[in-house]
Amino acid sequence: MTKETIVDTAISLFQERGYNNVTVMDICNACSITKPTFYNYVSGKESLIIKIYDNIISKLLKNTYQLFSLESSYQQLLSIFSILIEETQKYGADLFSQLFIANLNENRYSFALRDSLTQLCLSIIQKGQANGEFLNPYDATLLYQTIAHLFTGYETVWCINKGESHFKKDFFASLELVLLVEEKQKNLYLQFL
């Protein structure tokens with residue numbers, strides 16, 4: 001038995017039944033382990049979901065080579081955030097709601113900016129500003145922080161609405177406004193919906 005097996009099994013159960021409907025004993029039974037074995041690997045049910053974002057970002061960063069095939073900086077950003085949104089939606093609003101709750105109870109830094117993703121997006125924003133795709137002249141770091149917090153805001157609304165909001169469409173429309181995307185690329189985000 002490994003911690004990864006326990007985490008993967010628990011997340012599958014959470015997605016299938018809902019986080020609050022799965023007990024530690026359910027996870028133990030699904031893994032064929034005892035509670036002491038469970039607690040040897042993890043501190044509790046909440047700790048199983050804390051690293052979800054890390055998993056999503058790690059998966060995204062493994063495939064950054066795909067960004068090079070895209071024509072513009074704007075398409076690259078749309079691709080990155082499209083993957084983030086799709087991966088978030090795969091986990092479901094229930095699980096992400098629990099992740100927000102866990103971080104409200106004690107900051108577990110699940111929603112902190114990750115250096116690797118930040119650096120990637122900063123370089124794309126700077127390139128987009130330099131070649132005239134993004135007309136917003138503000139510092140790329142400030143723009144990225146605004147975009148990242150905007151993302152979390154739309155993600156929160158999506159959770160509150162139990163997955164029944166237009167997370168991707170609404171976020172992309174706001175991304176376009178924040179960056180002041182050049183006229184010829186406006187509404188390009190519709191291709192990513």
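## Overall fold

Helices (H or I, at least four residues) and strands (E, at least two) are DSSP runs, numbered from the N terminus. By that definition the chain has nine helices and zero strands, and its pattern along the sequence reads α-α-α-α-α-α-α-α-α. This is a predicted model, in which local features need pLDDT of at least 70 and side-chain atom pairs count only at pLDDT 80 or more, while totals for chains, interfaces and linings use all residues. Residues are numbered from 1 along each chain as its sequence is written, and side-chain values use heavy atoms, with hydrogens and water left out.

The C-alpha trace of the chain spans about 60 × 30 × 30 Å along its principal axes. Buried means under 20% relative accessible area, exposed over 50%, and partly exposed in between (1.4 Å probe, protein chains only). Of the 193 residues of the chain, 48% count as buried. A contact means heavy atoms within 4.5 Å. Among the contacts in the chain with a separation of 6 or more, 69% come from residues 24 or more positions apart.

## The nonpolar core

A nonpolar core is a set of buried Ala, Val, Leu, Ile, Met, Phe, Trp, Tyr and Cys residues joined through side-chain atoms within 4.5 Å. The largest one has 63 residues, and Phe14 and Ile27 touch the most other members. Two or more residues of this core come from each of α1, α2 (24-31), α4 (52-62), α5 (73-91), α6 (93-105), α7 (115-130), α8 and α9. With neighbours within four places in sequence set aside, Ile27 is in contact with Ile6, Ala10, Leu13, Phe14, Val22, Phe38, Lys45 and Leu48.

Ile147 lies in helix α8, which covers residues 140-160. Ile147 counts as buried because its relative accessibility is 0%. Beyond its neighbours within four places in sequence, Ile147 is in contact with Phe81, Ile125, Phe171, Leu175, Val178 and Leu179.

## Cavities

Rolling a probe the size of a water molecule over the atoms shows where empty space is left. On a 1 Å grid over the protein atoms alone, a cavity is a set of points where a 1.4 Å probe fits but cannot get out, and a pocket is an open set with protein on both sides within 12 Å along at least five of seven lines; lining residues have an atom within 4 Å of a point. Grid points are joined across faces, edges and corners, and a volume is the space filled by probe spheres set on the points. The structure holds two cavities of 30 Å³ or more. The largest cavity has a volume of about 190 Å³. Its lining has 14 residues, of which Tyr53, Ile57, Leu113, Leu117 and Phe151 lie nearest the centre. The elements that give two or more residues to this lining are α4, α5 and α8, and α8 gives the most, with four residues.

For residue classes, Ala, Val, Leu, Ile, Met, Phe, Trp, Tyr, Cys and Pro count as nonpolar, Asp, Glu, Lys and Arg as charged, and the others, Gly among them, as polar. The lining of the largest cavity has 11 nonpolar, two polar and one charged residues. The second largest cavity holds about 60 Å³ of space. Residues lining the second largest cavity include Leu60, Asn63, Gln66, Ser79 and Leu120. Helix α5 gives the most to that lining, with three residues, and the classes there are five nonpolar, four polar and no charged.

## The largest pocket

The largest pocket contains about 280 Å³ of space. Thirteen residues would be written as 13 in its lining, and Val7, Asp8, Leu48, Lys51 and Asn55 lie nearest its centre. Helix α1 (residues 3-17) gives the largest share of this lining, seven residues. By class, the lining of the largest pocket divides into five nonpolar, four polar and four charged residues.

## Positive phi and cysteines

Most residues other than glycine have a negative phi. Lys162, in the loop between α8 and α9 (167-179), has a positive phi near 55°. Lys162 is exposed, with a relative accessible area of 67%. Asn187, in the segment after α9, has a positive phi of about 70°. Asn187 is partly exposed, at 41% relative accessible area.

A disulfide is a pair of cysteine sulfur atoms within 2.5 Å, and the whole structure has zero. The sulfur of Cys31 is 7.3 Å from the closest cysteine sulfur, in Cys28, which is too far for a bond. Cys31 is buried at 8% relative accessibility, and Cys121 is buried at 0% relative accessible area.
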